[in-house]
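Me: Please walk me through this model, feature by feature. I would like the general idea each time, then the case at hand.

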Amino acid sequence: VNVVAEGSTTVFCDKLVSIILSLPQGEIEMEEKENKMTVRSALKKVKFQLKTISDDDFPIFLETEDVSFFELPNKDFKDSIKNTIFATSDDETRYFLNGIYIEHKNNLLHFVATDGRRLALVKKSVEAEIKDFSGIIVPPKVLNIIYKRLGDEGNISIGITEKNVFFKFNNYKFYSILIDGQYPNYERVIPENQLRFFEIDRKEFLEGLKRVSLMVEQKSKRVLLNISENNLGISSQESEMGVAREDVLCECEGEDMLLGLNYVYLEEPLKTLTTEKVRVEFTEPTRAIMLKGVGEENVSHVIMPMQV
């Protein structure tokens, strides 16, 4: 930046970004005077004027000299966010479910998200020596912002204090206030001994689910999974419109069973998993099912069924 005169001010970010994106390629000139910022293009006869705010009240970035950081590969961090963030709750009355819960146990970082009807869990090994911590609840907004800017190469540095979490990578520094609250004991809802399972091609399952969901009841979003020997029947019914059904080959043995599930709770994890096949474990229509990638034991999804 060619600085003519040093100074500082506060601008409305979204509006400034929109202005800059609208200007042609080339240099731009920015000048602040009397609580107004003028933005000009060096190539076009166009200028914008934005109201500004005094920088006196702008928050100061917290110092991190006394904060202990540990590193995690960027790819591991991105995978953990991608496989959990969609399962966070938007229920403001249970604000402690509005974020992703992160804790360190047995040299593993656990990333957890739940809205009470489904749960996503990712476990990542950590080579750095860090002390076990009881767990923090991180707001999804800061994690979404970091996810969009974080490359696949290199490491991200994470620091945790009693009330804040800090992230550092490349030229970025972020910090966020933690969500205060007691996160539920998520391990209690993870089924241990499921009696049955089926394995199916992930893409075929996802594509069939998308097609059948065109006829789903929008309020319940329920699809039925009719599990029989080597076949999965995916069906839906929209009472005033009609029905849909698609059969997909799967590897399954045992008695036929019918499961009712919210198709969104299946579709979202199927999009983020990367394995060729997925495994669905279940016992009976009224108990939680487990969804995971075949060969990927560190990512698990628990889904509560619906009435059939």
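Me: What should I know before reading any value?

Reply: This is a predicted model: local features need pLDDT of at least 70, side-chain atom pairs count only at pLDDT 80 or more, and totals for chains, interfaces and linings use all residues. Residues are numbered from 1 along each chain as its sequence is written, and side-chain values use heavy atoms, with hydrogens and water left out.

Me: How are helices and their axes defined?

Reply: Helices (H or I, at least four residues) and strands (E, at least two) are DSSP runs, numbered from the N terminus. Axes are lines fitted to C-alpha atoms, for helices over the stretch in contact, and angles run from 0 to 180 degrees between N-to-C directions.

Me: At what angle do the axes of helix 2 and helix 3 cross?

Reply: Roughly 130°, for helix 2 (residues 74-82) and helix 3 (residues 140-149), with the axes coming within 10 Å. That makes helix 2 oblique to helix 3. The classes: angles under 35 degrees are roughly parallel, over 145 roughly antiparallel, 65 to 115 roughly perpendicular, and the rest oblique.

Me: Is the crossing of helix 2 and helix 3 left-handed or right-handed?

Reply: A crossing is left-handed if the near helix is turned anticlockwise from the far one by less than a right angle, and right-handed if clockwise. Helix 2 passes helix 3 in a left-handed crossing.

Me: Which residues of helix 2 and helix 3 make the contact?

Reply: Contact means heavy atoms within 4.5 Å. Helix 2 brings Phe77, Lys78, Ile81 and Lys82; helix 3 brings Leu143, Ile146 and Tyr147. By class, this contact of helix 2 with helix 3 has five nonpolar, no polar and two charged residues. Nonpolar covers Ala, Val, Leu, Ile, Met, Phe, Trp, Tyr, Cys and Pro; charged covers Asp, Glu, Lys and Arg; the others, Gly among them, are polar.

Me: Is Leu143 buried or exposed?

Reply: Buried means under 20% relative accessible area, exposed over 50%, partly exposed in between (1.4 Å probe, protein chains only). Leu143, in helix 3, has 0% relative accessibility, so Leu143 counts as buried. Leaving out residues up to four places away in sequence, Leu143 touches Phe77, Ile81, Ile85, Ile100, Val138 and Phe167.

Me: Where do helix 4 and helix 5 meet?

Reply: The axes of helix 4 (residues 202-212) and helix 5 (residues 263-272) come within 10 Å and cross at roughly 145°. This crossing of helix 4 and helix 5 is left-handed. Arg202, Phe205, Leu206, Leu209 and Lys210 of helix 4 make the contact with Tyr263, Leu266, Glu267, Leu270 and Lys271 of helix 5. By class, the contact of helix 4 with helix 5 has six nonpolar, no polar and four charged residues.

Me: How many aromatic pairs does the structure hold?

Reply: Rings of Phe, Tyr and Trp (its six-membered ring) pair if their centres lie within 6.5 Å; planes under 30 degrees apart are stacked, over 60 edge-to-face, and the rest tilted. The structure holds 13 aromatic pairs. One of them joins Phe166 and Tyr175: the ring centres are 5.7 Å apart and the planes lie at 35°, so the pair is tilted. Phe166 is buried at 2% relative accessible area, whereas Tyr175 is partly exposed at 27%. Ring pairs link Phe61, Phe69, Phe166 and Tyr175 into a cluster.

Me: Which residues does Ser157 touch?

Reply: Ser157 lies in strand 9 (residues 155-160) and is buried, at 13% relative accessibility. Not counting residues up to four places away in sequence, Ser157 touches Phe69, Phe70, Glu71, Phe166, Phe167 and Lys168.

Me: How far apart are the C-alpha atoms of Ile137 and Ile177?

Reply: They are separated by 9.4 Å, with the two residues 40 apart along the chain. Ile137 lies in strand 8 (residues 136-138) and is buried, at 3% relative accessibility.

Me: What is the phi of Asn107?

Reply: Most residues other than glycine have a negative phi. Phi of Asn107 is near 60°, a positive value. Asn107 is in the loop between strand 5 (100-105) and strand 6 (108-114) and is exposed, at 54% relative accessibility. Phi of Lys221 is near 55°, also positive. Lys221 lies in the loop between helix 4 and strand 13 (222-228) and is partly exposed, with a relative accessible area of 27%.
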